[in-house]
Amino acid sequence: MSRGQAYDLVMASVLDDRQIEQYRRDGFLVIEGFADRSACADLKAAANHIVAEFEPTGQRTIFTTNEQERASNAEFLASGSSIWCFFEQEAFDADGTLRTSKELSINKIGHAMHDLDPVFEKFSYRPELAGVASDIGLVDALALQSMYIFKQPLIGGEVGCHQDSTFLYTDPMTVTGFWFAIEDATLQNGCLWAKPGGHRTSLRKVFKRAGTTDDDGTRFEELDSSPLPSPSELVPLEVAAGTMVILHGLLPHWSDINRSEKSRHAYSLHCISAASDYPEWNWLRRPLDMPLRSLAGVGA
Ligand code: FE2
């Protein structure tokens with residue numbers, strides 16, 4: 001018996017057959033009330049604390065998935081094993097001065113809070129989440145990347161239509177996103193949109209390190225020139241705080257800019273299967289003394 005098979009045997013089932021079938025058909029699954037309100041409040045407080053402690057350096061790190069503008073600097077490439085705050089693209093005026101407070105200017109925190117911050121760790125390594133991963137066929141899930149996304153009032157940036165396997169690639173492709181609404185996500189404040197069944201298509205491109213060091217930057221490599229769906233083909237996922245949305249790694253999804261007065265906080269944890277190969281050229285790297293850990297907490 002392989003380690004993965006042994007792991008699956010001890011996992012308690014969380015999803016019912018109808019939910020598993022829905023996930024296989026649509027490439028996403030919405031589970032209301034997965035995280036309770038107090039856990040969401042704890043995570044929000046922990047995120048706010050990280051931002052309060054964050055001292056911006058001279059070099060701004062802005063997050064956007066628009067290819068040309070994507071920040072690929074050393075902080076980004078090192079953030080797979082650290083905690084870093086990325087500014088909104090519209091946070092600065094022409095002089096490079098913050099337009100509003102630091103607290104309302106951060107786009108997201110990434111990408112290793114689940115292993116470095118005890119509150120994020122507790123939220124991420126929970127048996128019921130490991131059970132969900134097992135139910136959808138993610139064998140021996142490892143927690144790879146965490147993001148706390150603020151989607152700030154008025155300036156919360158658009159995240160262009162993409163497939164998560166572009167940014168976190170395994171062979172075979174296993175990356176799966178567990179997205180938690182920490183605040184209500186609505187059409188007004190930039191909820192997720194997804195293409196039902198869109199995971200049953202090809203991966204369009206991969207995001208690779210251009211060299212062996214963080215200074216070498218990154219590049220996109222096109223695999224299939226077929227366009228991703230247009231916004232009119234996507235459905236909105238308006239969900240209440242505490243809802244978890246599972247996203248297949250090949251599912252095209254998007255979220256709009258937030259021009260409303262309300263933020264849209266979310267936490268996202270991306271996992272891969274320990275049974276898959278994780279190429280060295282992925283942007284996210286872990287040093288040898290910080291190995292990926294199993295969602296079920298059985299070591300990796
Ligand atoms: Fe995504």
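Let's start with Lys-195, which forms a salt bridge with Glu-233, with the closest N and O atoms 3.6 Å apart. This pair links distant parts of the chain, 38 residues apart: Lys-195 sits in the loop between strands S7 (192-194) and S8 (205-209), and Glu-233 in the loop between strands S9 (218-222) and S10 (235-237). A salt bridge here means a side-chain nitrogen of Lys or Arg within 4 Å of a carboxyl oxygen of Asp or Glu. Strands (E, at least two residues) and helices (H or I, at least four) are DSSP runs, numbered from the N terminus.

This is a predicted model: local features need pLDDT of at least 70 and side-chain atom pairs 80 or more, while totals for chains, interfaces and linings use all residues. Residues are numbered from 1 along each chain as its sequence is written, and side-chain values use heavy atoms, leaving out hydrogens and water.

## A buried pair

The whole structure has eleven salt bridges. In one of them, Asp-115 meets Arg-286 at 2.8 Å, N to O. Asp-115 lies in helix H5 (residues 113-116) and Arg-286 in the loop between S13 and strand S14 (293-294), so the pair ties together parts 171 residues apart in sequence. Both residues are buried (under 20% relative accessible area with a 1.4 Å probe, protein chains only; exposed is over 50%, partly exposed in between).

## An enclosed strand

Strand S13 (residues 266-273) is largely enclosed by the rest of the structure, because eight of its eight residues are buried.
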